[in-house]
Amino acid sequence: MHQLFGQVLGLRDLSRAGDLFSLGDAEIEDCLSQALDQIKSISCSPDYLTNDNDQAVVEICITRITTAIRETGSIEKHSVALVGLWESCLEHNLTPQGENTEDTPHTKIASDITSCILQNYSCPSVMALAVPVAVRFLHRGNRELSRNMSSYLSLAAIAQADLLAEHTQAITQSVIGGNHMLLRVLPSVYPKQPDIIHRHLGSLTAMVPQLESPEQQHLIKLLQMVAEQHPLMLSPQVPALVSYLGNPHLTQAVLGTLVDVSQASPSSLVSFLPVLRIAGQQSPALLGHVTKIHGAVGIINEKHAHTSLVYLVSLLGNMEHTFHHSLLQEIRALTDRYPSLVGGCGKDIYRLSNSFSAIARQLGRRLEESNAACCRLGNDKGRKGASEQGLQVNVQNFEGKLREEEVEEEAEEDSPAPQRRYSLSQAVREERREMRFNRSKSLAITEVRSRSVNADNGEDGEGAEQKRDVIISNPVSYQSEQQEVASPERKLTADASAPAPSVEVAKEGEKGPTREKEEQAESDRLFKHLRDNMEKIREFCQELLHRIPIPELCVIEDSNRGCLAKLSFSCPLKGHYCLYSKSCFIMTSRRPHLWIHIMLLHQQSKAKAPLCSNDECVRRLASLWEKTRLKGAHSFPMAMTQQTTPHKKDLDSLQIQLEEVRFFDLFGFSAEEGAWLCFMCNNPEKATVVNQDGQPLIEGKLKEKQVRWKFIKRWKTRYFTLAGNQLLFRKGKSKDELDDVPIELSKVQSVKVVAKKRRDRSLPRAFEIFTDDKTYVLKAEDEKHAEEWLQCINVAVAQARERENREATTYL
């Protein structure tokens, strides 16, 4: 050992300890291990905790030794002595003491050595000695020391995962105890020790809400590894994982994990399909994961396959093209597994259809037919069972009648001779009773067979009831066709007993319509859907009303490119200067299905009870739907129940269309009225300006295109004034020049922004005014001024039209 080191450590000479830093690193390199052993013996002495001098000497010496090791790169040479001193600290108390929670002397020694050792995490020989000791520090109650140790162990896990794998149990328990920094270690050690982590999956999964975002990512990475290698282990954690779908930062990773779990344990996800659909609706980019889960669940049985197919087929017609192939793959897997769901025509549908939307229409129609057939079969079985039960009662009534007649005949045998002239012998009575019983059995068997035939042929319940009445209400004629009556007595008895079954059948006939009404109410798919989602629909409509107005009237019109919805909007306030008190704002849309869906949801939001298919407003919307329905497309109830509310991208497209037709220039949502009011009713203070003749509403310079050619632009600046019922413009730039022929606003057909392609190319601030005989192309100074001119012109045009309507109404 160097002489100075020996003096400082041997004599505990604090006055010479500072001189150690004057020595070169190479001078003391060979004696560093001996110095570390000497420090170990000093720190383990009984009086070390109370001897401030010794503590100061040890602290200075450790600082000098770790500096020399770092500078000379001799960590491997002195690792045994260094780790020995480090491990000796575990034999002492490391928990902070005192009111100020100051670190203990041995905690300071451990902290100084920790960085020197674990910074060399890429050195295998050093880590082999250090890792077992480092793990023991995690449970010694010092949070700061544990945090620093976790940071270094995370680095060690990158290069020395095998060494940490032996201590997976201790690391996992430390994580569960609150040392979340070690979460980044678990993915590295999981392939080596999966069983230990499997035992703690429940506690680890429940920690997700408590973690910061980086720590959540490490834990989700671990769960993804478990799902890929041992997906069944995560089956009990599915409820917790589904609850994390609300976190947008975790949605994609969690859905990917659930996809892997669904392949191994699809039954664990059956009850969570509605939640997954909502997640897919909120994040359309992740619908691929949702479809895979539905495909896996559908494999379980035919019932789940039908539910999954209905959802997948509804997506096929609405999703972007990038998802179509993966979506169709899941649909084909289910139809190949259960071909009866599509009538065995799945392969023909895929082969003959020329587009994904055509495939969706054909599959939707097949699924609807399959569902209807199942419902009809269940109803037929129920009616058949009720019929057999009723016939059994009738047979019992026959037997009761026979027993009563036997009693009467026995009484007749005891009466005087003149009254016994028409009595039958015992043999005749036995023969008659056997004949009647056989006849009742024959009637019952015939009825059951006829009901079976009716069910196979698809006849409805009313037809079957009528046949039943005919068969049973005429037993005498039935007997005459099957068997001749041998004696008058037999015919008389048969006639007497005939009314009994007729009464029974009449009673059953009275119950038929009631049962049929109950079945009809129970089978109203639309009613059930609206009933189950009333609160969600009400919340959606409250939010929707602030973005998109609800049409007052919708008319379906045919065109060369398909059906159009002609929508009419009016102002509900109808004030004195209202723009639409006698008329409506009319627009056409190529999305009639979407508007019909929105109108249905609006009707339901205003109703206190769920609507059903028989309500007048629903029937009107259904009739509009039928006018737009293509061959093979969903029926109105089926289409309205595919999704509770429209997708956000569909609502955005409607809002863009309303902007394009300048709806928002003329209408604005009034929070006070809770409705869309016209510009005048929303801004009554501006009504006097707009309605005052000669008072300009807006004026300024605009450029007018003189020759409307595509490549030759000839613009002329002119001064325009919008006042009263006219748009005035001068021949030159000044307002003092002579007027040109004004534009009569009552003759303006429409005002539109220049078409998108043209606007992108050369007319960023231009708009067009279409009159009966001419089109004006105008351009403002910038887009802001263009918007002001557009709104003012639209308001003035609407006001001019309304004035004409009022004058015409007054004249009439």
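This is a predicted model: local features need pLDDT of at least 70, side-chain atom pairs count only at pLDDT 80 or more; totals for chains, interfaces and linings use all residues.

Colleague: Where does Arg-12 sit, then?
Modeller: Arg-12 is in the loop between α1 and α2. That positive phi belongs to a residue other than glycine.

Colleague: Is Arg-12 buried, exposed or partly exposed?
Modeller: Arg-12 counts as partly exposed because its relative accessibility is 29%, which falls between the 20% limit for buried and the 50% limit for exposed.

Colleague: What other arginine has a positive phi?
Modeller: Arg-662 is one, with phi near 65°. Arg-662 lies in the loop between α34 (648–660) and α35 (663–666).

Colleague: And is Arg-662 buried or exposed?
Modeller: Arg-662 is buried, at 7% relative accessible area. Arg-12, by contrast, is partly exposed.

Colleague: Back to the helix. Which residues of α1 are buried?
Modeller: In α1, which runs over residues 3–11, they are Leu-4, Phe-5, Val-8 and Leu-9. Looking down the axis of α1, these buried residues fall within an arc of 115°, so they line one face of the helix.

Colleague: What's on the other side of α1?
Modeller: Gln-3 and Leu-11 are there, and both are exposed.

Colleague: What covers the buried residues of α1?
Modeller: The cover includes α2 (14–17), α3 (25–28), α4 (32–43) and α5 (52–72).

Colleague: Let's talk cores. Which residues touch the most other members of the largest nonpolar one?
Modeller: Phe-5, Trp-86 and Phe-137 do, in a core of 117 residues. Phe-5 is also one of the buried residues of α1.

Colleague: What does Trp-86 touch?
Modeller: Leaving out residues up to four places away in sequence, Trp-86 touches Ala-110, Ile-113, Thr-114, Ile-117, Leu-118, Ala-130, Val-133, Ala-134, Phe-137 and Met-149.

Colleague: Switching to sheets. What is the strand order in the open sheet of 3 strands?
Modeller: The order is β1-β2-β3, and the pairing is antiparallel. β1 and β3 stand at the edges with a single partner strand each, so one side of each has no neighbour in the sheet. From one strand to the next, the twist averages 25°.

Colleague: What packs on that sheet?
Modeller: Helix α32 (residues 616–628) does, touching β1 and β2. The direction of α32 makes about 15° with that of β1.

Colleague: How many bridges join β1 and β2?
Modeller: β1 (residues 553–559) and β2 (residues 562–569) pair over 7 bridges, in the antiparallel sense. They form a hairpin, with 2 residues between the strands. Cys-554 has Leu-567 in β2 as its bridge partner.

Colleague: And how many between β2 and β3?
Modeller: There are 5 bridges, again antiparallel, with β3 covering residues 585–589. Lys-566 has Thr-588 in β3 as its bridge partner, while Leu-567 stands opposite Met-587 in β3.

Colleague: How many bridges between β6 and β12?
Modeller: β6 (residues 696–705) and β12 (residues 775–779) pair over 2 bridges, in the antiparallel sense. Lys-703 has Lys-779 in β12 as its bridge partner.

Colleague: Zooming out, how many helices and strands does the protein chain have?
Modeller: The chain has 39 helices and 12 strands. Of its 812 residues, 45% are buried.

Colleague: Last one: what share of the contacts with a separation of 6 or more comes from residues 24 or more positions apart?
Modeller: Those residues account for 64% of such contacts in the protein chain.

Terms used. Residues are numbered from 1 along each chain as its sequence is written. Side-chain values use heavy atoms; hydrogens and water are left out. Buried means under 20% relative accessible area, exposed over 50%, partly exposed in between (1.4 Å probe, protein chains only). Helices (H or I, at least four residues) and strands (E, at least two) are DSSP runs, numbered from the N terminus. The arc is that of the directions from the helix axis to the C-beta atoms. Contact means heavy atoms within 4.5 Å. Two strands pair if DSSP finds at least two bridges between them. Axes are lines fitted to C-alpha atoms, for helices over the stretch in contact, and angles run from 0 to 180 degrees between N-to-C directions. A nonpolar core is a set of buried Ala, Val, Leu, Ile, Met, Phe, Trp, Tyr and Cys residues joined through side-chain atoms within 4.5 Å.
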